[in-house]
Amino acid sequence: MATKLLIDAIRDTMFEEMRADERVIVMGEDVGKRGGVFRVTAGLVDEFGENRVIDTPLAEASIVGVAIGAAFHGLRPIAEIQFFDFIHPAMDQILNEAAKIRYRSAGDFNCPIVIRTPYGGGVHGALYHSQSIEAIFTREPGLKVVAPIMPSDAHGLLKTAIHDEDPVLFLEHKKGYRLVKDEVPDNDGAIPIGKARVVQEGSDVTIITYGMMLLESLAAAKKAAEKDGTSVEVIDLRTLRPLDRDAILGSATKTGKVLIVHEANKIGGVGAEVAAMIAEEAFAYLDGPIMRVAGAEVPAMPYSPPLEHAYLPNQEKIGAALDRLAAY
Amino acid sequence: MKQHDSGGAGLQTRDRLPAGLTDADLLRMYEWMVLARSLDERMWLLNRGGQAAFVISGQGHEAAQVALASALQVGKDVLVPYYRDLGMALVFGLTPRDLMLSLLGKKGDPTSQGRQMPGHFSSRRLNIITGSSPVATQVLHGAGVALAAKLRGEDTVAMTCVGEGGTSEGDFHEALNFASIHHLPVIFVVENNGYAISVPQRKEMAVASVAERAAGYAMPGVTVDGLDPIATYVVAREAVDRARSGGGPTLIEAKVHRLTPHSSDDDDRTYRPAAELQEERAHDPIPMFRARLMELGVLSEQQEKEIRDRVKAQINDATEFAEQAPYPDPSELMLHVYGA
C-alpha cells in the first residue's frame with residue numbers, strides 16, 4: 001500500500017499492466033516523450049519503447065480506429081483521447097464500431113480496448129476543456145463506462161478495464177488528478193466494473209454521485225450531520241454503465257430519500273437514468289421526490305471564474321437540496 | 001503513381017503469363033468470378049421475388065476482387081472488406097450457403113447470425129474482419145490489424161477495401177496517413193466504379209484518379225484496370241510482396257464498373273444515362289476474361305460448361321439450404337451485448 005494521487009495511481013497501473021502483458025500498448029496524442037499533456041503516461045516510452053507507446057497524429061478517429069484494428073489482431077490497446085471535449089471525431093469508431101462489434105458478429109469478434117480520457121471542469125478549461133459528456137456514451141449498449149475518482153478505485157478499475165474483453169471508456173477527472181489521494185494497493189486489487197461503493201453509510205437521505213462531486217457531496221453530508229444531525233448515505237457509482245442496480249435500489253429503499261449529484265448537465269444525464277430506475281423499481285419506498293443537483297443547462301462551462309463557479313454544483317448547492325429533501 | 005493498363009495485348013501466349021500464374025490459377029480465378037456473379041444474380045432474383053429484403057451488389061467488380069484476394073495468403077492474411085466484396089469473401093472461404101443464410105437473415109449465418117444486412121462479410125475463423133455500414137470506418141481497422149501484425153513480428157498482410165465514394169471520408173485519410181508513418185503491411189484497395197450511389201466521380205473529387213492521392217502520404221499509388229484480373233493480380237502481388245517484406249503500404253485503385261443500381265432499394269435510371277450503362281455492360285469483365293482464356297487456350301468449351309454446371313449446382317443448393325433453414329429464435333435478440 002502507498003498513498004497516491006489519482007494521476008500516479010493511473011500511471012502506475014499502466015506500468016504494471018504493460019510489464020505483465022506485452023500485448024498492452026498505449027497510443028494517443030503526445031503520450032510518448034511528453035508523457036501526455038497531463039503527464040499521465042510520463043515515463044512509459046522510456047521503459048516500453050516507441051513501438052508500445054505510440055505518439056499518434058492529431059486525429060482522434062484514427063486513435064480509436066487503429067486501436068480497434070490492433071485489438072482485432074491480438075493486442076490490448078489503451079487509446080488516450082487528450083480531452084473528452086475532443087472525442088467527437090472518434091464517435092463513429094466508438095459508438096458504431098467498438099460498441100457494436102460483439103453484437104453484430106454474434107460474439108465471433110470482440111473489441112478489448114480501453115479509451116482513457118480526462119473530463120470535467122473547475123480548472124478554467126472553459127467550454128472545450130471541461131466537458132462532462134458521459135451521457136452520450138452511457139446510453140450505448142455494448143460499451144462500459146467507468147469514472148472512478150478515488151486513486152484506489154482508478155487502480156482497480158483500470159486493471160479490470162484492460163483485462164476486459166469489451167470496450168471500456170475510462171473517464172479521469174482532470175481536477176482530481178493532483179487533488180485526490182488515498183491508499184492504493186500494489187499491483188493486485190482489481191475492482192469489478194458495475195459495482196458502486198458505499199463511501200459513507202447513513203439512514204436519512206442517500207446521495208448518489210460520482211467524480212469530483214463525490215468530494216463535494218461528502219462535505220455537504222458532513223455539514224448536514226453537524227447542523228441537524230441528518231444521517232446521509234453517500235454512494236460513489238464508480239461505474240456509469242452498467243449501473244449497480246443493487247446498490248442504488250438497496251440504498252433508496254433503506255433511506256427513502258434520494259439526491260443525485262453530478263457535474264454534467266441534468267437533462268438526459270446519468271442521474272436521469274438512476275432516477276428512472278428508482279422510480280420504476282422502488283417507488284413504494286420513497287418518502288420524497290427524487291432530487292438532482294447537476295451542472296447548469298447551458299452548452300458548456302464558461303471560462304471566467306464567476307461563470308465557472310456558477311456552472312458547477314458545489315457543497316452549498318448540495319446542502320440546500322439536502323435540507324429540502326430532509327424536510328419531507 | 002503508376003498506371004497499369006490491361007496488358008492484354010502482351011498476353012497472347014500462355015508462356016507469357018506473369019507473376020507465376022499457372023493455367024490452374026487462371027481457371028480458379030475465373031470460376032470464383034462466375035460464382036460471385038451467379039450468386040449475386042440469384043440474390044437479386046430472391047429480392048425481386050420478395051424473399052430477400054435487401055441486396056447490395058458486386059456485379060462488375062468481380063475480376064478486381066478475385067484477383068486482389070488471390071494475391072493474399074488465405075488462412076494467414078487478413079481481409080477488411082466493404083459491402084461489395086462478395087468475390088473476396090468467396091476467395092477467403094465464405095461459402096454460397098453462408099452467404100445465402102446471411103441474405104435471408106437465417107440462423108447459422110456465420111457473418112452475424114442474421115443481425116446485419118447482407119453484404120457485411122465476417123468470419124474470425126477465415127480472417128475476414130466484421131464491418132459496419134458507415135463508409136470507410138473499416139479502413140482504419142486495416143491499419144490497426146497491420147500495426148498489430150508488425151508489433152507481433154509477423155509477416156501477415158492486411159488488405160482493406162472501400163469504394164471511391166468512401167475516399168472522401170476523413171477515416172480514409174487518417175488511415176493512409178497512419179499506415180504510411182509506420183510503414184505498415186497494409187494494402188488499401190479502392191474499387192472505383194465512378195459512382196457514390198448517384199454522385200459521379202467528378203463531384204466527389206477534383207483529382208483525376210484516387211491513386212494520385214498516394215503521393216500525399218509518400219506511398220506508392222497504382223491505378224489498374226480492374227476489369228482485367230491478370231493485370232490486377234500483378235499489381236496486387238507487387239503490393240503484397242512489398243508489404244510482407246517490410247516495404248510498407250500501397251494504395252491500389254481498381255477501375256471497375258457498377259453494373260447494377262447501388263442496392264436493391266436504388267433506381268439508377270434516375271441518374272445514370274442508359275448509354276453509359278450499356279457501354280459498361282459491353283465490357284463486362286466475366287465474358288471478357290472468358291474470351292481471353294479461350295484465346296489463350298486455357299479454357300475449353302467443355303471446361304466452361306463444367307464450371308457453369310458446378311456453379312449452378314452450388315447456388316441451387318445454397319438457395320434451397322437457406323430457404324429451409326430456420327430463423328433465429330427471438331430469444332437470441334439479447335445475446336452477445338457483452339462477453340461473459
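1. Two strands count as paired if DSSP finds at least two bridges between them. In this predicted model, V224(B) has A254(B), in strand 8 of chain B, as its bridge partner. Strand 7 of chain B, residues 221-225, runs parallel to strand 8 of chain B, and 5 bridges link the two.

2. Strand 8 of chain B has a further partner. Strand 4 of chain B, residues 186-192, is joined to strand 8 by 6 bridges, and this pairing is parallel. Here E191(B) is the residue opposite A254(B).

3. V162(B) belongs to strand 3 of chain B, residues 158-163. V162(B) counts as buried because 29 C-beta neighbours fall inside 10 Å, the cut-off being 20 or more. Leaving out residues up to four places away in sequence, V162(B) is in contact with Y82(B), A136(B), V139(B), T167(B), F172(B) and V190(B). L86(B) is 76 residues from V162(B) along the chain, and their C-alpha atoms are 13 Å apart.

4. Chain B as a whole contains 10 helices and 8 strands. Its radius of gyration is 19 Å; a compact globule of 340 residues would come near 20 Å, so the two agree. Along the principal axes, the C-alpha atoms occupy a box of roughly 55 × 50 × 40 Å. Buried residues make up 53% of the 340 in chain B. Among contacts in chain B with a separation of 6 or more, 76% are between residues 24 or more positions apart.

5. Helix 5 of chain B covers residues 137-151. At 1.5 Å a residue, its 15 residues should span 21 Å, and the end C-alpha atoms are 22 Å apart, which agrees. Of these 15 residues, 14 are buried, so the helix is mostly covered. After the helix comes G153(B), with a positive phi near 75 degrees.

6. Which helix gives the largest share of the side of chain B that touches chain A? The contact involves 34 residues from chain B and 34 residues from chain A. On the chain B side, helix 5 and helix 6 (170-181) are the elements giving two or more residues. Helix 5 of chain B supplies the largest share, 11 residues. By residue class, the chain B side has 14 nonpolar, 15 polar and 5 charged residues.

7. Helix 7 of chain B runs over residues 229-244, which is 16 residues. Its first and last C-alpha atoms are 21 Å apart, close to the 22 Å expected at 1.5 Å a residue. The buried residues of helix 7 of chain B include P229(B), I230(B), Y233(B), V240(B) and A243(B).

8. Chain A has an open sheet of 5 strands in the order 9-11-10-13-14, with mixed pairing. Strand 9 (197-200) and strand 14 (291-295) of chain A are its edge strands, each pairing on one side only. On average, neighbouring strands of the sheet are turned by 25 degrees against each other, direction ignored. Strand 9 of chain A and strand 11 of chain A (residues 232-236) are antiparallel and joined by 3 bridges. Within strand 11 of chain A, V234(A) is the residue opposite Q200(A).

9. Two helices of chain A are to be noted against this sheet. Helix 9 of chain A (residues 245-255) packs on the sheet and touches strand 9, strand 10 (205-209), strand 11 and strand 13 (258-265) of chain A. The direction of helix 9 of chain A makes about 155 degrees with that of strand 10 of chain A. Helix 10 of chain A (residues 270-281) also packs on the sheet, in touch with strand 10, strand 13 and strand 14 of chain A. For helix 10 of chain A, the angle with the direction of strand 13 of chain A is about 155 degrees.

Key: Residues are numbered from 1 along each chain as its sequence is written. Chains are lettered from A and ligands numbered from 1 in the order in which they are written. This is a predicted model: local features need pLDDT of at least 70, side-chain atom pairs count only at pLDDT 80 or more; totals for chains, interfaces and linings use all residues. Helices (H or I, at least four residues) and strands (E, at least two) are DSSP runs, numbered from the N terminus. The expected span of a helix is 1.5 Å times one less than its number of residues. A residue is buried if 20 or more other C-beta atoms lie within 10 Å of its own, exposed if 12 or fewer, and partly exposed in between; C-beta atoms are placed from the backbone. The radius of gyration is taken over C-alpha atoms; the globule rule is 2.2 Å times the number of residues to the power 0.38. Two residues are in contact if their C-beta atoms, placed from the backbone, lie within 7 Å. Ala, Val, Leu, Ile, Met, Phe, Trp, Tyr, Cys and Pro count as nonpolar, Asp, Glu, Lys and Arg as charged, and the others, Gly among them, as polar. Axes are lines fitted to C-alpha atoms, for helices over the stretch in contact, and angles run from 0 to 180 degrees between N-to-C directions.
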